[in-house]
Amino acid sequence: MADIFNTVRQQNSTAAAHGNWTVLSIEGDHLKVSGTGNGVDSLRNFLQDDGTAFVLLTLRLELEAIPDQPRNIFIHWTGPKASGMKKVKSNQKMSEALNLLSPNHGQLVAQGKTEFTEDIIRVRWNPSSGSHLLS
């Protein structure tokens, strides 16, 4: 659990780099850091089509004419080939993952990699965007 807190604390700093990501996966009955990296492309490649995961992605955006504002976006990944049992277990761990990967400034659900791009994530993370689903 300590490695989760240390990793998230570093990502939540104001100095966090654009594109930094942390992935939590379920092992047994526990969440564990299964990967960290930088860049949406590397994150998309890291996520497994037959798996589930919880992601905290940092994007540095311009908000209200103030540039370079770090925004941490929570993404619940359920791969298109994930079994029903994995999806159920993932949904049961959602609340715990949200608590661990906090604070976050927006939440998305990703079920495929076609729309898993930085440009689409930039639009959909915002609470007023309508759809929060990446397919």
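**View 1. Tryptophan 21 and its bridge partner in β3, leucine 57.** The structure shown is a predicted model, in which local features need pLDDT of at least 70 and side-chain atom pairs count only at pLDDT 80 or more, while totals for chains, interfaces and linings use all residues. Residues are numbered from 1 along each chain as its sequence is written, and side-chain values use heavy atoms, with hydrogens and water left out. Strands (E, at least two residues) and helices (H or I, at least four residues) are DSSP runs numbered from the N terminus, and two strands pair if DSSP finds at least two bridges between them. β1 and β3 run antiparallel and are joined by four bridges. Leaving aside residues up to four places away in sequence, leucine 57 touches, among others, Gln11, Trp21, Leu43, Arg71, Ile75 and Ile121, where contact means heavy atoms within 4.5 Å.

**View 2. The open sheet and the hairpin of β3 and β4.** The six strands follow the order β2-β1-β3-β4-β5-β6, with mixed pairing. The edges are taken by β2 (30–38) and β6 (133–134), each of which has a single partner strand, so one side of each is left without a neighbour in the sheet. β3 and β4 run antiparallel and are joined by 11 bridges, and leucine 56 stands opposite phenylalanine 74 in β4. Two residues lie between the strands of this hairpin, and glutamate 64 in the turn has a positive phi of about 50°. Strand β4 (residues 66–78) also pairs with strand β5 (residues 106–110), in the parallel sense and over five bridges; there, leucine 108 in β5 is the bridge partner of isoleucine 75.

**View 3. The largest nonpolar core, with 19 residues.** A nonpolar core is a set of buried Ala, Val, Leu, Ile, Met, Phe, Trp, Tyr and Cys residues joined through side-chain atoms within 4.5 Å; buried means under 20% relative accessible area, exposed over 50%, and partly exposed in between, with a 1.4 Å probe and protein chains only. Leu43, Leu47, Val55, Leu57, Ile75, Phe116 and Ile121 touch the most other members. At least two residues of this core come from each of β1, α2 (40–46), β3, β4 and β5, and the largest share, five residues, is that of β3. A second, separate core has 12 residues, including Val8, Leu24, Phe54 and Phe74. In β3, 10 of the 12 residues are buried, so this strand is largely enclosed by the rest of the structure.

**View 4. The largest pocket and threonine 52.** A pocket is an open set of points on a 1 Å grid over the protein atoms alone, with protein on both sides within 12 Å along at least five of seven lines, whereas a cavity is a set where a 1.4 Å probe fits but cannot get out; lining residues have an atom within 4 Å of a point. The largest pocket has a volume of about 250 Å³, and of its 13 lining residues, Ser25, Gln48, Gly51, Thr52 and Ala53 lie nearest its centre. Three lining residues, the largest share, come from β1. Threonine 52, in strand β3, counts as buried at 15% relative accessibility. Residues up to four places away in sequence aside, threonine 52 touches Ser25, Trp77, Thr78, Ala82, Lys86, Lys87 and Ser90.

How values were computed
Grid points are joined across faces, edges and corners, and a volume is the space filled by probe spheres set on the points.
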